[in-house]
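Work through the two exercises below with the sequence and the model in view. Each task is followed by a solution in steps.

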Amino acid sequence: MKKKRIVVLTGAGISAESGLQTFRDADGLWEGHNVYDVATPEAWHRDPVMVQEFYNMRRRSVLAANPNEAHKALVQLEDKYEVFIVTQNIDDLHERAGSGQVIHLHGIITKSQSERYPHLTYDIDGPDLKMGELCEKGHQLRPHVVWFGEPVPMIEKAVEICQEADILIIIGTSLQVYPAAGLIDTVPPTAEIYLVDPKTTVHHFNKINVVQEKAVLGVPRLVRELVERTDT
Ligand code: APR
């Protein structure tokens, strides 16, 4: 029998217990910076050295972090369901936990891209990307992340995947940033929707099953329930 499809939309909250800070929980600051001062094309043009150093620091934190029980539990769904992870996170913790199909809506910090030709991307060897490191066409490399105001090329694929979802699980996102937040409106009306977040204030016309817990607690339990359901 064809496996049911689960789409998991994750945000910064799933990696919080791995030691990576969320964006909107600490007085609007992200590692001491206003996100708009470091995560925009304008910031890069104004002060590329500062932006590069900021992301080098972030990359260092990501490389030092490990997947937690929530990332790991999601992998277990793959025995019983067709699973797609659609993440807003730029860390690689889903991949390191072992998830097979991960779509990064906002890019991934372990890669660089040409500042002129965004489709030219490269793996970064180690934590630091340096000024003077160039793409094959001779342009400066920057982090392979989507900044505010930039297109989100992976959104179309994410929408296609959501349109066939039987279950949508949303974990650790404030659902304030579009187009990612709009994915909730692209699943079929029959899809079940779960939201795992200890502090959510989401209001939505769709019926959402809210699990008001940290991801490391709520996700393994939800996964267990969904797996057991297929045994009956
Ligand atoms: N477990 C689950 N959820 C948690 C936890 C936890 N341990 N700790 C915090 N959260 C929740 C918060 O309650 C909040 O709802 O995670 C959410 C984090 O929200 P944001 O900081 O806004 O992060 P996110 O939604 O991923 O941001 C979206 O904004 O800055 C941009 O591009 C960046 O991808 C990012 C996008």
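The model is predicted: local features need pLDDT of at least 70, side-chain atom pairs count only at pLDDT 80 or more, and totals for chains, interfaces and linings use all residues. Residues are numbered from 1 along each chain as its sequence is written, and side-chain values use heavy atoms, without hydrogens and water.

**Exercise 1.** Describe the surroundings of the ligand.

Step 1. The ligand is surrounded by 21 residues (a heavy atom within 4 Å); the closest are F23, R24, T173, S174 and D197.

Step 2. Sort this shell by class: seven residues are nonpolar, eight polar and six charged. Here Asp, Glu, Lys and Arg count as charged, Ala, Val, Leu, Ile, Met, Phe, Trp, Tyr, Cys and Pro as nonpolar, and the others, Gly among them, as polar.

Step 3. Look at ligand oxygen atoms. A polar side-chain atom of D197 is 2.7 Å from one, and a polar backbone atom of A12 is 2.8 Å from one. The protein covers 92% of the 740 Å² of accessible area that the ligand has on its own (Shrake-Rupley method, 1.4 Å probe).

**Exercise 2.** Give the strand order of the open three-stranded sheet.

Step 1. The order is β7-β6-β8, with antiparallel pairing; strands are DSSP runs (E, at least two residues), numbered from the N terminus, and two pair if DSSP finds at least two bridges between them.

Step 2. β7 (121-123) and β8 (141-145) each have a single partner strand, so one side of each lacks a neighbour in the sheet.

Step 3. Four bridges join β6 (residues 107-114) to β8; S112 has P143 in β8 as its bridge partner.

Key. Polar contact = N/O pair within 3.5 Å; in protein donor to acceptor, adjacent residues only side chain to side chain.
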